[in-house]
Amino acid sequence: MEELGGGAEEKRMKMKVMVAIDDSDGSLYALKWVLENLFNVMTSMEDATSSENEGMVFLVHVEPTFQNYVHAIGPAAFYPASVVVDSVKKAQQEKSVAILSKALQMCKDKLVKAESVILNRDPREMICQAAEQMQVDLLIMGSRGLGTIKRAFLGSVSDYCAHHAKAPILIVKPQEEQHKSHS
């Protein structure tokens, strides 16, 4: 029995997980949960810097594809100037970098090795593809806590990934939902 426990701890230490990060509180809470519950063993180890004992967190942020809409104004059509489009794309990139910088700092504070990547297109598909390509042991996502009706109309990235990702997936529910269910 002791061997099983030791082996599980060793595997946990070497685990590669991917955390999907966006600008929601739910995704940062999911990352915090991962750092406190999956990687906390590393900080108590004397040799936490040894690459043999390190786990790895891949932080993935997906920017939605920028839509360049045509706006009809009377008989004429208006196309946003390329300066406007470039400005919006630049702002989107800056926001993505800020989101990932915060997440990377959270990992650094817990002495967990992390890498980040920014992808473009549909978040649902890109997260599933990235998890497969990176060959992660576990995909972790936050839940925004959409109600049944909103989830039916808007769709849920975590719901899509739960059904389509090839890696095991853990969806971390928001803190307030956990308190409600225990009351």
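Student: What should I know before I start reading it?

Tutor: Residues are numbered from 1 along each chain as its sequence is written. The model is predicted, so local features need pLDDT of at least 70 and side-chain atom pairs count only at pLDDT 80 or more, while totals for chains, interfaces and linings use all residues, and side-chain values use heavy atoms, with hydrogens and water left out.

Student: OK, how many helices and strands does the chain have?

Tutor: The chain has eight helices and seven strands, where helices (H or I, at least four residues) and strands (E, at least two) are DSSP runs numbered from the N terminus.

Student: And how much of the chain is buried?

Tutor: Of its 183 residues, 33% count as buried; buried means under 20% relative accessible area, exposed means over 50%, and partly exposed lies in between, with a 1.4 Å probe and protein chains only.

Student: Let's look at α4. What span should it have?

Tutor: Helix α4 covers residues 82-109, and at 1.5 Å a residue its 28 residues should span 40 Å, which agrees with the 40 Å between its end C-alpha atoms. The expected span is 1.5 Å times one less than the number of residues.

Student: Which of its residues are buried, and what do they pack against?

Tutor: Val-85, Ser-96, Ile-99, Leu-100, Ala-103 and Cys-107 are buried in α4, and the buried residues of this helix pack against α2 (25-37), β2 (56-63) and β5 (114-120), a contact being heavy atoms within 4.5 Å.

Student: What comes just after α4?

Tutor: Just after α4 there is Leu-111, which takes a positive phi of about 60°.

Student: Switching topic, how many salt bridges are there?

Tutor: The count comes to four, a salt bridge being a side-chain nitrogen of Lys or Arg within 4 Å of a carboxyl oxygen of Asp or Glu. One of them joins the side chains of Asp-23 and Lys-95, at 3.0 Å from N to O. That pair links distant parts of the chain, with Asp-23 in the loop between β1 and α2 and Lys-95 in helix α4, 72 residues apart.

Student: Is Lys-95 buried or partly exposed?

Tutor: Lys-95 is partly exposed, with a relative accessible area of 47%, and Asp-23 is partly exposed too, at 44%.

Student: What about Glu-94 and Lys-90, how do they sit in the helix?

Tutor: Glu-94 and Lys-90 are four residues apart in helix α4, and so are separated by about one helical turn; their side chains meet in a salt bridge at 4.0 Å, N to O.
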